[in-house]
Amino acid sequence: MAPSVRAPSRALGSKAGFCLLFLGLTCLSCAPVDRVSYGSSLEIHLAAGETERYRLSVAQGTVVHISAQQRGLDLSLSIDDGPEVDSPYGDRVVEELWWAADESRSVDIEIRAVAGDGEANIRFDVSDRGKDFSRRYWQAHAARADLEQGLVDDAKRDLKQALEGPSPPNWRAITLDALAEAERRSGDLPAAVALLGEAVELLRDRSHQALKSRLLLHRSRRHRDLGELEAAEVDARAAGLAAMYGHDLYGRALAMNFGALNYDSRGELAEAIAGYSMAAEWFGQVGAPLDRVHVRMNHARCLMKLGAMDEARTTFEEIQTSVGQFDGEESSELQAQIYRALGWWHHLSDENESARELLEASLQLLPDHIGALDRLATVNLALGDLEHARRLYQRVAEAVADHPFWRSQLDGNLCRLELAAEDFERAYGYCHGALAELERAGALGSVAQVLQLLGQLEIRRQRLAAAEDYLRRSVDTIEAQRRAGDFSDLLPYFLAERLDSYRLLIQVRMTLHRQEPGMGWDQKALKVFELTRARRLRDLLAIEGAQSDILPPPKVETLESLRSLLDEDSAFAFYHLSEDESFLWWLSLEGLASYSLPPRSEIEPLIESWYELLSDPISNGPWSTPLEESRAASLSRILIEPLAAHLRSSQRLIFVVDGQLQRLPFGALPSPENSASKNPAPEPTPRPLIADHEIVNLPSASVLSLLRRMTAGRPVAPGHIALIVDPVYGPRDERLGSSHGGQPAVSRSGDLHDPSYARLFGAGEEALAIMALMPDDSSLLLDGFDASCERVLSGVLGDYRILHFATHAETGGQAPFGLVLSQITPDGQAVDGMLGLQELYRMELPAELAVLSACGTGLGEDLEGEGLISLTRGFMNAGTPRVLISLWSVEDRATRQLMARFYAGLAGECLSPAAALRQAQVAGWLSGSAKHQWAPFQLQGDWDSFPFCADSRNRSEHVAER
């Protein structure tokens, strides 16, 4: 065996190079060619498009074997004037060529870099394989070319013949893979799976692990086509392991991406998101930009399934900017994919005209793409063009006829089509066909959608019992899907995207309640409503409880479990807004009553109008007061009058609401006439609900159960109150040594786009007045520079029962919602002064009450089926069971007055927070203050009193009284 030789230089010799450059010749005979001999090996380095040429002397009948061990470099091999050989497995699989010499002569060998930039080890050997194997080798090579040209039957025949006889295991595995692909194109997926299984069994040698990984992935795809998602998942995992053993990071990325696709199909979206993220990172590490783009597209599409539409759109737009780095066909295919994804984004956003334009643009680039045809059909269906949708679905049906899983997805769409066409029998047949296949595959997300369609179908057929069963199963499937993965912050979006099943189930159960009173359908409807409320917060609280050796609470499934949260003076009022009909449930110790309310479209405009008049009366002019009272009276008639007979027996009203109702100050609504107290003294305005009732708001009744479990037995903090007030917002503050004139009264709100917040001079006075009510040495004051995120996050607040923040709140722009603390240090250095949700989620604040004496602290992102994602949730998750918030911006002086009254009741009279707030607000009303000033404050969370006054009883006595 000849020793290894160094790779020849790719630079041209001076004379020959001059001739070639001058004449522009490219013939092989003019180029320098290095001679190699049998048994020689060499190391080469090439980049995509570069070529090496060698010459080898062969004797007649000799079978030459050339092998290339690739590392970051995908090569093609050719000998003499024969065709190029390039296996479709990338740069980690050994590239091999066998060739039999028909006469003694010199042959030329060309090695070309198809892609990549890296090294390869090339060996030239005499093979012990005979001419018959060489013939079969080239027969298989030609068959693969026929397969690419669509000559499937010819390819199958030649591949089977090529396999007749002994052959190296890796080559045989590659040929079986090609035959499996031919069977797939013929529509025989089980045969393809069997052939791939045979191929995988051949690859036991450790040196073939990269190839084994690729074939396992191929088999995983075929299992997925068959709807065998569990088997597909097993093969994807095995492919990842084989790639790891083969030191093939690119193969691991491929396996991770396909595993994520499989999770995606099963509806396990959290796992899919994690897999896509890891695959994108690995593709980036190995320098595979196009693969990374494709996996990011998968990731963004999965985000759309979760309902995280803004994040998905941002990803698509980022990808759009990268199209220019790819050339030709790659660029065209990527652009088509972007159009397709953005088209679907617009469809999910109810912008179907834009969706149609984008999907048609995608099909202009790739005219027969099944995914684009299917989505365009669905968009046309949404636009009411049923015939166009039907024609497009037919084209899809022809393409997926032999793929059970994809056919089942299409059947679900055809069910929608026939439902729209009111052909209920055909719709039923399509849905049931889809359901059987999807349940077999374990595709939870698609199963839930088809069950919802069946529920809608049965509603249209007026078969409510059957509709209830399908919709219940749909909700149960969504709940199982939710439990299958950790969605983290994406859980609210996941549930919001699937809320229709919950809404329809509530509607059907309440309709059944009217038809069959006394059968408990209203209780079951209320249970579904509770399922949609504050799910993310409930999960976080349950997890915290488990970590502290307190078991998570049982599901709130029965009327008794909800009633157990009440006392004789309290009652729940649950409000659910929906498109066709809204509902109200009243739950007290006496039982449950339910009422039908007008649809969302009638209630929400009234709320928005009243809220605007309340939150900004000055801008609305002198006529705002009578108009405000008219709007309030209208809302009270709709929302409160149905409860008039119940209100007399309930001192405390606990509201659990959704939609725009979350911005509604219920306490400011006028009381129904028959529940008003007989007060001989003249009253300044119509008597508000707060005059006769404590008002409490909850994200959900289940949250209350969790909060009480969290605080049960918890030791009482030694300190009474920590006040975080009057931060330093910017360099104009005189506390930095600069002087400026006094500032006018300001509201406690801000905008992070304007870094200069006006100083709240009244916050310091507010703090001193509160501290004067406290026992000596029981308070902590963090003001000025000390009112900083650093101090708040240091853990110092954990020793106090009440946390009082008097500062600005950030409520506008794209910045995270939060409380604005000191943004500058004593030496003038800027610091992060935002205490937002993410910071609160990481904190432990075992206080009893948080008072957010700032503007709009109860506002946030409203997600349907979840509620307002506001600061309240952050404090509750951190361990604080009661939060006092505001619903709009309030002038500084009015806030100080209300807080003085509130703390006088809380500390001076030992009232509960709910009673103290009621007393303060009633005083504001009776004094003639505008609702704008006293109405926005709202207590959220547990209404029970807690040890606060100096003579308070200990917690164990307090808890025992519940």
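Predicted model: local features only at pLDDT ≥ 70, side-chain atom pairs only at ≥ 80, totals over all residues.
Side chains of opposite charge can pair when their charged atoms come close. In this model, the count comes to 62 salt bridges. One of them joins Asp108 and Arg55, with the closest N and O atoms 2.6 Å apart. Asp108 lies in strand β7 (residues 105-126) and Arg55 in strand β4 (residues 51-58), so this pair ties together parts that are 53 residues apart in sequence. Asp108 is buried, at a relative accessible area of 17%. Arg55 is partly exposed, at 24%.

A second bridge lies within a helix. Asp469 and Arg473 both belong to α19 (residues 464-483). They sit 4 residues apart, about one turn of the helix. Their side chains meet in a salt bridge at 3.8 Å, N to O. Asp469 is partly exposed, with a relative accessible area of 27%. Arg473 is also partly exposed, at 26%.

Asp786 and Arg791 form a further salt bridge, at 3.7 Å from N to O. Asp786 counts as partly exposed at 35% relative accessibility. Arg791 is partly exposed at 29%. Elsewhere, salt bridges link residues into a network: Arg708, Arg714, Glu848, Arg882, Asp942 and Asp944.

The helix pair comprises α29 (residues 761-772) and α33 (residues 892-908). Their axes come within 10 Å and cross at roughly 10 degrees. Angles under 35 degrees count as roughly parallel, so α29 is roughly parallel to α33. On the α29 side, the contact involves Phe761, Gly762, Ala763, Glu765, Glu766 and Ile770. These meet Asp892, Thr895, Arg896, Met899 and Tyr903 in α33. The contact residues divide into 5 nonpolar, 2 polar and 4 charged.

Note on methods:
Residues numbered from 1 in each chain as written. Heavy atoms only, no water. Axes fitted to C-alpha atoms, helices over the stretch in contact; angles between N-to-C directions. Helix = DSSP H or I, 4+ residues; strand = E, 2+ residues; numbered from the N terminus. Parallel < 35°, antiparallel > 145°, perpendicular 65-115°, else oblique. Contact = heavy atoms within 4.5 Å. Nonpolar A, V, L, I, M, F, W, Y, C, P; charged D, E, K, R; others polar. Salt bridge = Lys/Arg side-chain N within 4 Å of Asp/Glu carboxyl O. Buried < 20%, exposed > 50% of the residue type's maximum accessible area, 1.4 Å probe, protein only.
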